[in-house]
Amino acid sequence: MELSNNSLNYSVNIIDAIMGEGKSTWLMNTINKDYSLSPFNGHRPKKYIILTMYLDEVDRFISGCRIADFKSPEPIHGRKYFGLNRLIKDGENIVTTHALWSIIDRKTFKLLKEQNYCLFVDEVMDCVRTYDDITKHDMGLLLERKFITVDESNRVNWNHEAAPNYSGKFETLVSLCDNGNLVYENQCFLLWKFPIEFLAQFSEVWIATYLWEGSLMSNYLEANEVGVSVNTLSNRNLIPYEEVNEAAAKSMLRKLITIIDDDKLNAVGSVSIHKGTKMQNKINPLSSSWYKRQNEESLKSIKTNTYNYFNNISKGGSNLAMWTSFKRDKNKLKGKGYTKGWVPYTTKATNEYKHKANLAYLVNVFMMPPIKQYLERNGATINEDMYALSELVQWTFRSRIREGEPINLYIPSERMRAILINWLNPPTVKQALAA
C-alpha cells in the first residue's frame, strides 16, 4: 500500500485501557455532554461516526446516546453501502459495524470530507488479511497481461489504460486496486480493509482498545508515519497513558485466573527441552508453522490432554468449555465435552461467551510473516510478544472473567504461558514485557 507521507495533519487519539474501565461509557458520556450544551451559546455539536464490532453494540450506542439520534445504515437497492452513503450525505450521526466499513470506496471518502465527522473506533479493526478471493492462476494472468501492476511501495494498481472501462468477474478487484486496498508482499497478496487515506477524511479519530501497541492497527499507522496520542482512563476520566497503573486490576485478576500448572499436560508446548541443541531457535511449539508440520497421529497427545483437562480436571461440563486452535486444526483437536465451545483466537469485544469458565488456548501466536515483512519494510517496529499478549488477553476476556468470576486456563505453550504470567504481575504492561 502506498504510504501516506504524513497525510494526517493531527495525531490519532488512542484510549488504551484494560477491560472494564469503561471505554464505551466514556464515549457515550462525551457525546451526550456535547449534545446537551446549549446552542444559544453558539455551541454546535460534532457529527459522529462510531464503528463497533457487533450489531448488539450498535443497539447499545443508539440507546445510550438518544439525544444524538444515531442512525444505523439500512439497505438501499439491497445494499447497506448505499444506505451508509445516504446517511453521510445527510450529515446524520452514524453507528455501524467494522464489517460494513470495509466496503467503502472513494465516493464515500468524498462524502465524509464534506461533512467533517469525528470518528470513534470501538476496538481495533481487523484491518488486514491475505487476499484469497482470486486464484493464483488468474492473478498471474492479470500480472502477465499488465492489467494489474505493482509499484515501488508494493501497492497493486489496476491498469486502466490496458483495460479501460472494465466490466467482468474482476470488477471487485478493480475497486480494491483503485481504493488502495491491495499490496503484494513475498509472493502473497494482502488485503488492507481500508487505506490510510480513509482516516484523513475525519476532523478527529479516536480508537478505543487495550494493549494498543500489540495490535496490527498500531503497526499499520506506524508504517504509514501516522502519529498517535495515547491516553488511558482512570475513574472514567481521560488521563495520559504514562500515568497508567494496573496494579489493583491485576491483583484481582491473579485471584480469578487459575493457570493449569501440569508438566504432563504442558509438555507438548515446552521449548525448554530444546535448550542447548541446534533446534533451540527453530522450534516454536503450537505455532501455526509447527501445526503444519504435524500429522494427525502426532496431534493425538494435544487432543488427549485437552480432553483430560475439560472432562477430568476442570468442572462444569461442555456449556462452560471454551477453547481455540488454528481454524484448519479444529476438526483434528475437537473432542467430547468441549467441541461446541470453539471460539476463534482472534475474537474480540463480544459478550457472547461471558458464561464460559474453563478455557483452553492451544495456539502459540505470531504475526503472519508476509504481514510482518510488509510492516517492517515500511518502518514499523514489531514486538511479537506484545502482539501475542494482545491476542491472548482479548480472547481470555470473552469469558466470565469480564463479570468478575473465576476461570481456569489451560495454555500448553510455554511461551504464551510465560507472557501471560508476566503481564499479570507488574502494574504496567512495559514492566511485564521487560520481565
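Biologist: Leaving aside its neighbours within four places in sequence, which residues is Lys303 in contact with?
Modeller: This is a predicted model, where local features need pLDDT of at least 70 and side-chain atom pairs count only at pLDDT 80 or more, while totals for chains, interfaces and linings use all residues. Residues are numbered from 1 along each chain as its sequence is written, and side-chain values use heavy atoms, with hydrogens and water left out. Contact means heavy atoms within 4.5 Å. With those sequence neighbours set aside, Lys303 is in contact with Lys332, Leu333, Lys334, Gly335 and Tyr338.

Biologist: Which backbone oxygen does the side chain of Lys303 reach?
Modeller: Lys303 is found in helix α12; helices (H or I, at least four residues) and strands (E, at least two) are DSSP runs, numbered from the N terminus. A polar contact is a pair of N or O atoms within 3.5 Å; within protein, one must be able to donate a hydrogen and the other to accept it, and residues adjacent in sequence count only if both atoms are side-chain atoms. At 3.4 Å, the side chain of Lys303 reaches the backbone oxygen of Lys334.

Biologist: Which strands stand at the edges of the open sheet?
Modeller: The open sheet has 4 strands in the order β13-β16-β15-β14, with parallel pairing. β13 (257–259) and β14 (321–324) each have a single partner strand, so one side of each is left without a neighbour in the sheet. Two strands pair if DSSP finds at least two bridges between them. The strands at the edges are β13 and β14.

Biologist: Over how many bridges do β13 and β16 pair?
Modeller: Ile257 stands opposite Ile407 in β16. β13 and strand β16 (residues 407–410) pair in the parallel sense, and the number of bridges is 3.

Biologist: What angle does the direction of helix α12 make with that of β15?
Modeller: Helix α12 (residues 300–313) packs on the sheet and touches β14, β15 (358–361) and β16. Axes are lines fitted to C-alpha atoms, for helices over the stretch in contact, and angles run from 0 to 180 degrees between N-to-C directions. The angle between α12 and β15 is about 165 degrees.

Biologist: And which strands does helix α16 lie across?
Modeller: Helix α16 covers residues 414–424. Running at about 145 degrees to β13, helix α16 lies across β13, β15 and β16.

Biologist: Which side chain of opposite charge is nearest to Asp34?
Modeller: Asp34 lies in helix α1 (residues 23–36) and is buried; buried means under 20% relative accessible area, exposed over 50%, partly exposed in between (1.4 Å probe, protein chains only). Lys and Arg count as positive and Asp and Glu as negative, while His and the chain ends are not counted. A salt bridge is a side-chain nitrogen of Lys or Arg within 4 Å of a carboxyl oxygen of Asp or Glu. Asp34 has no salt bridge, and at 5.8 Å away, the nearest side chain of opposite charge is Lys46.

Biologist: How many salt bridges does the count come to?
Modeller: Among them, Asp133 and Arg129 meet at 2.7 Å, N to O, and Lys300 pairs with Glu297 at 3.5 Å. By this rule the count comes to 15.

Biologist: Is Asp133 buried or exposed?
Modeller: Its salt-bridge partner Arg129 counts as partly exposed at 29% relative accessibility. Asp133 stands at 53% relative accessibility, so Asp133 counts as exposed.
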